[in-house]
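Subject: Model for you to look at

Hi,

Here is the model I promised to pass on. Please open it alongside this note; my findings follow below.

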Amino acid sequence: MNMRILNFELHGDKRGSLISLEENKNIPFEIKRVYYIFNTKEDVQRGFHAHKQLQQILICLNGSCKIKLDNGVQKRNITLDNPKRGLYIGNMIWREMYNFSDDCVLMVLANNFYVEEDYIREYSDFIKMKKNNV
Ligand code: T46
């Protein structure tokens, strides 16, 4: 599946912890956009789309949430609950986010600006595109 877990180096000392993210170094692309999701209620589900081109890295800075990933053949469920870990999601992966804790802050780094035309919002369209190798 076009996804992987990234483990970031922790620079910790007795004052606390620090993680640095650098494009084309520990982040495997040029960072064009950063957004963060917070105040999502536990019973709310988000996502329900795939991206034609966009690559992203999801980092749960606080609290926890779950992500269901689907490449049209395999499905995987990932729990994000540690700011030392990033979830890289490549293009053409369907994602659904759920089980947000009240204190969840999910930061996302993206390799492009917000482009609505890059979204595939119907699961049946996603499956069709996967079958046709689009
Ligand atoms: C993704 C998952 C992980 C903007 O105006 N700019 C932005 O950069 C983004 C991401 C969203 N928006 C607007 C579009 C909607 O009116 O913010 C609203 C909420 O976005 P959306 O419903 O797409 O949010 P999620 O949580 O379902 O999905 C988001 C990203 O859109 C998506 O790329 O992979 O987080």
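Strand β3 gives the largest share of the lining of the largest pocket, four residues. Strands here are DSSP runs (E, at least two residues; helices are H or I, at least four), numbered from the N terminus.

First, the ground rules. This is a predicted model: local features need pLDDT of at least 70, side-chain atom pairs count only at pLDDT 80 or more, and totals for chains, interfaces and linings use all residues. Residues are numbered from 1 along each chain as its sequence is written, and side-chain values use heavy atoms, with hydrogens and water left out.

The pocket

The volume of the largest pocket is about 170 Å³. Besides β3, the elements giving two or more residues to its lining are β2, β4 (56-62) and β8. Among the lining residues are Tyr-35, Arg-46, His-49, His-51, Gln-56, Arg-95 and Tyr-119. By class, the lining has six nonpolar, four polar and two charged residues. Nonpolar means Ala, Val, Leu, Ile, Met, Phe, Trp, Tyr, Cys and Pro; charged means Asp, Glu, Lys and Arg; the others, Gly among them, are polar.

Pockets and cavities come from a 1 Å grid over the protein atoms alone. A cavity is a set of points where a 1.4 Å probe fits but cannot get out; a pocket is an open set with protein on both sides within 12 Å along at least five of seven lines; lining residues have an atom within 4 Å of a point. Points are joined across faces, edges and corners, and a volume is the space filled by probe spheres set on them.

The cavity

There is one cavity of 30 Å³ or more. The largest cavity holds about 50 Å³ of space. Its lining includes Arg-33, His-51, Asn-112 and Tyr-119. Four lining residues are nonpolar, two polar and two charged.

The ligand

Which residues come nearest to the ligand? Of the 13 around it, they are Arg-33, Arg-46, His-51, Gln-56 and Tyr-119. Near means a heavy atom within 4 Å. The shell has five nonpolar, four polar and four charged residues. β3 (46-51) supplies the largest share, four residues. β2 (33-38) and β8 (94-98) each supply at least two.

Polar contacts are pairs of N or O atoms within 3.5 Å. The side chain of Arg-33 has an N or O atom 2.5 Å from a ligand oxygen. For His-51, the distance from a polar side-chain atom to a ligand oxygen is 2.6 Å. The protein covers 67% of the 650 Å² of accessible area that the ligand has on its own (Shrake-Rupley, 1.4 Å probe).

The sheet

Five strands form an open sheet in the order β6-β5-β8-β3-β10, paired antiparallel. Strands pair if DSSP finds at least two bridges between them. β6 (75-80) and β10 (119-120) are at the edges with a single partner strand each, so one side of each has no neighbour in the sheet. Six bridges join β5 (65-70) to β6. Asp-70 stands opposite Lys-75 in β6.

Best wishes

Key:
Polar contact = N/O pair within 3.5 Å; in protein donor to acceptor, adjacent residues only side chain to side chain.
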